[in-house]
Amino acid sequence: LACAALGAARVVLTDLPENLALLRRNATRNGWVQSLCGCDVSVAALDWNTDALPACDLVLGADVCYHQDSVQALCSLVDAAIA
């Protein structure tokens, strides 16, 4: 949502499918960001082990790895996107 506040035209927030309800709720609670800047903010499922990154201009992550065993999947996902 910081990107939305800084002028991004579109922001996609991602998480595992089981976390999407909470992610949507948090995005809705911060809806003032969207209304203030007119940014299109959406929520989508993304499993680092099975999915591919959609086409995008920028990937920004914060606090994305809570378990050390997730790091390899994240690195593989990003490597495949920039290959």
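What is the mean pLDDT of the protein chain, and what percentage of its residues reach 70 or more?

**View 1. Confidence along the protein chain of the predicted model.** The mean pLDDT of the protein chain is 86, and 94% of its residues reach 70 or more. Among the elements of the chain, helix H4 has the highest mean pLDDT, at 92, whereas helix H3 (residues 31-37) has the lowest, at 68. Where pLDDT is low, the predicted coordinates should not be read in detail.

**View 2. The largest pocket, with a volume of about 1,600 Å³.** The largest pocket is lined by 41 residues, of which Val12, Leu13, Thr14, Leu60 and Gly61 are the closest to its centre. Helix H1 (2-5), strand S1 (10-15), helix H2 (20-29) and helix H4 (71-82) are the elements that give two or more residues to this lining, and S1 gives the most, with six residues.

**View 3. Residue classes in the lining of the largest pocket.** Sorted by class, the lining of the largest pocket holds 27 nonpolar residues, together with eight polar and six charged ones.

**View 4. The largest nonpolar core, made up of eight residues.** This core consists of Ala4, Val11, Leu13, Leu20, Leu23, Ala27, Cys39 and Val41. The elements that give two or more residues to the core are strand S1 and helix H2, and H2 gives the most, with three residues. Leu13 belongs to this core and is also one of the residues closest to the centre of the largest pocket.

Methods. Residues are numbered from 1 along each chain as its sequence is written. This is a predicted model: local features need pLDDT of at least 70, side-chain atom pairs count only at pLDDT 80 or more; totals for chains, interfaces and linings use all residues. Side-chain values use heavy atoms; hydrogens and water are left out. On a 1 Å grid over the protein atoms alone, a cavity is a set of points where a 1.4 Å probe fits but cannot get out, and a pocket is an open set with protein on both sides within 12 Å along at least five of seven lines; lining residues have an atom within 4 Å of a point. Grid points are joined across faces, edges and corners, and a volume is the space filled by probe spheres set on the points. Helices (H or I, at least four residues) and strands (E, at least two) are DSSP runs, numbered from the N terminus. Ala, Val, Leu, Ile, Met, Phe, Trp, Tyr, Cys and Pro count as nonpolar, Asp, Glu, Lys and Arg as charged, and the others, Gly among them, as polar. pLDDT is the predictor's confidence in each residue, from 0 to 100. A nonpolar core is a set of buried Ala, Val, Leu, Ile, Met, Phe, Trp, Tyr and Cys residues joined through side-chain atoms within 4.5 Å. Buried means under 20% relative accessible area, exposed over 50%, partly exposed in between (1.4 Å probe, protein chains only).
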